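Please examine the sequence and the structure shown below before reading on. The explanation that follows leads through the model step by step.

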Amino acid sequence: MFKKKKKFPFADSPNTACIVCKHILDEKRPILYVSHDEEDGCWQFMCGDEHVFTEDARVIALAEAFELDASISQVAGMPCGCFAERESAASDWRIFSRQ
Ligand SMILES: [Zn+2]
């Protein structure tokens, strides 16, 4: 086995579109909330603030989200219909099911 640097952790393709809030993208805030949508499998990455969805959401590639915060690899295996939260960038992710 040869060593790969920073293996892409998601089962989805790196160019899969995902949603990130403008605070993470523009203000470099940490990702504190991750959702894997039950209906369409869409990934969403948000900071801890309240969001107005259409105004605050940005569409980027999954690879770009991983570049912004590589710690999302810890929740990359999370199935559709789940979301994960953490209190700060230093905290562990807690995964919840929407059921
Ligand atoms: Zn935000």
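The model is predicted, so local features need pLDDT of at least 70 and side-chain atom pairs count only at pLDDT 80 or more, while totals for chains, interfaces and linings use all residues. Residues are numbered from 1 along each chain as its sequence is written, and side-chain values use heavy atoms, with hydrogens and water left out.

Asp49 belongs to the loop between β3 and α2; helices (H or I, at least four residues) and strands (E, at least two) are DSSP runs, numbered from the N terminus. With 39% relative accessibility, Asp49 counts as partly exposed. Buried means under 20% relative accessible area, exposed over 50%, and partly exposed in between, with a 1.4 Å probe and protein chains only. Lys28, in the loop between α1 (22-27) and β2, is exposed at a relative accessible area of 61%. The phi of Lys28 is near 60°, a positive value in a residue other than glycine.

The loop between β3 (43-46) and α2 (53-56) also holds His51, one of the residues that coordinate the zinc ion. The donors are Cys21 (SG), His23 (ND1), Cys47 (SG) and His51 (NE2), at 2.0 to 2.3 Å. Donors are N, O and S atoms within 2.8 Å of the metal (3.2 Å for Na, K and Ca); water is not among the atoms, so sites may look incomplete. The arrangement is tetrahedral because the four donor atoms subtend angles of 104 to 116°; four donors count as tetrahedral if all angles lie between 85 and 135 degrees. Cys21 lies in strand β1 (residues 17-21), so the pair of Cys21 and His51 ties together parts that are 30 residues apart in sequence. Both Cys21 and His51 are buried.

How do the strands pair? β2 and β3 are antiparallel and share four bridges, whereas β1 and β3 run parallel, joined by two bridges. Two strands pair if DSSP finds at least two bridges between them. Val20 has Phe45 in β3 as its bridge partner, and Ser35 stands opposite Gln44 in β3. β2 and β3 form a hairpin with six residues between them, and Gly41 in the turn has a positive phi of about 70°.

Ser35 lies in strand β2 (residues 33-36) and, at 4% relative accessibility, counts as buried. A polar contact of 2.9 Å links the side chains of Ser35 and Arg98.

In a regular strand the side chains alternate between the two faces of the sheet. β3 is covered on both faces: Trp43 and Phe45 on one side, and Gln44 and Met46 on the other, are all buried.

The largest nonpolar core has 25 residues, and those with the most contacts inside it are Phe10, Val34, Trp43, Phe45 and Ile72. Such a core is a set of buried Ala, Val, Leu, Ile, Met, Phe, Trp, Tyr and Cys residues joined through side-chain atoms within 4.5 Å. The elements that give two or more residues to this core are β1, β3, α3 (62-68) and β5 (82-85); β1 gives the most, with four residues.

Conventions. Tetrahedral: all angles 85-135°; square planar, octahedral: opposite > 155°, others 65-115°. Polar contact = N/O pair within 3.5 Å; in protein donor to acceptor, adjacent residues only side chain to side chain.
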